[in-house]
Amino acid sequence: MTSTSPAVRAPLGAVADPVRLLRSWRPGEGSWFSGPQGALLTRGTRTRLPSGDADAVLRHLRGLRGGPTLAVGALPFDPTAPAHLVVPEHVERADPLGAVLVAGPGGAPVSGTAHAVPAPAVYEKMVAEALARMETGALDKVVLARALEVVADGPVDPVPMLRELARRDPRSYLFAVDLPADRPGAARTLLGASPELLLSRRGTTVTANPLAGSAARSSDPDEDRRRGEELLASAKDRHEHALVVADVVERLRPVVDDLEVPDGPCLVRTPTLWHLSTTVRAPATDPDASALHLAQALHPTPAVCGVPRPAAHAAITEIEPFDRGFYTGAVGWTDARGDGEWVMALRCGEVQGDRVRLWAGAGIVPASRPADELAETAVKLRTLLDALGLDEG
Ligand SMILES: C=C(O[C@@H]1C=C(C(=O)O)C=C[C@H]1O)C(=O)O
């Protein structure tokens, strides 16, 4: 059995007040993660890990004496690209933000311009191109994304953005990951409010919660309920969802025993969208299969890539006009016991200096229509645009 520091071993009980902890996050100083199981704030960098190799990371963490024995960071969409993982100097944990009202001033509206990459009409052509590839039978599903480049009139402060994301959806997986700056003096932060758990391992339980299949919410409660029910009954969305669950199950089965898989999806909601959701669970039996190992066994799932994976990955590389970087990768932590939580890097943006880049994608299957998929990405972009107080343009 490995020894771990009290900070890491502490149950996710009340160690600190989550709202106070959220308010103390500062860009360039550490990272923030919160979700239904609790909140975690890191400060400082004790070691920057040279690679995301899960065996090497677990060995490193188990060899540490004193200080936090966990690594936090981000895995890129492309599993062959470098991960960003650090062992922090300090870790503080707190209860979940839950429904706690994150009071105080909301987001600070940013003034500036947003430029779509590519233009919306080009995104529709990208979807049409994916549909043409599907006709040959080489591709069953692919997730295609687009980006918005915001150029602000001055430096963008991610602190009020994080608070605003928390205020709007305290139950989401909220994150602000300190990334290595690529310009001197400007902290670089990946921040967002994701609805999707890639994988967690806590004590004796492994959990994955793939989402796929989406519908915009409505401010009218009857219409909102109708849209949720329509999504749950939609053959197109259930098919899109089933492809993801099948892949997650196929990749988890060899590495865990006794996987529990529900018969069908249920609905989950964010402030702007309904999603189809399936939670799969298994007992955690292998002490050396850490949360990072298991997350990497799944990533990239067809919720963000497609089926078959090689053809979908190739389509994304050829059709999307940018490198996704950490968007549709995963953010989170893994510790010396093997516990950890990795969340899909979705509904997020990267802030550095006066620039913010936001992304959103949609799963394309043969029954998809380009205009609907464009509309879905527009709704997904709202999460970050609302935190910035901006419109798409
Ligand atoms: C790709 C994104 O979301 C993913 C795609 C979904 C879909 O196509 O229905 C739903 C949830 C996510 O797995 C995104 O938010 O950018």
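Which residues in helix 5 meet which residues in helix 10?

1. Met161, Glu164, Leu165 and Arg168 in helix 5 meet Asp386, Ala387 and Leu388 in helix 10, where contact requires C-beta atoms, placed from the backbone, to lie within 7 Å. The residues of this contact divide into four nonpolar, no polar and three charged; Ala, Val, Leu, Ile, Met, Phe, Trp, Tyr, Cys and Pro count as nonpolar, Asp, Glu, Lys and Arg as charged, and the others, Gly among them, as polar.

2. This is a predicted model, in which local features need pLDDT of at least 70 and side-chain atom pairs count only at pLDDT 80 or more, while totals for chains, interfaces and linings use all residues. Residues are numbered from 1 along each chain as its sequence is written.

3. Helices (H or I, at least four residues) and strands (E, at least two) are DSSP runs, numbered from the N terminus.

4. As for the ligand, 18 residues surround it, and the closest are Ser214, Ala303, Leu346, Gly361 and Gly363; a residue is near a molecule if its C-beta atom, placed from the backbone, lies within 6 Å of it. The shell around the ligand divides into nine nonpolar, six polar and three charged residues.

Conventions. Two residues are in contact if their C-beta atoms, placed from the backbone, lie within 7 Å.
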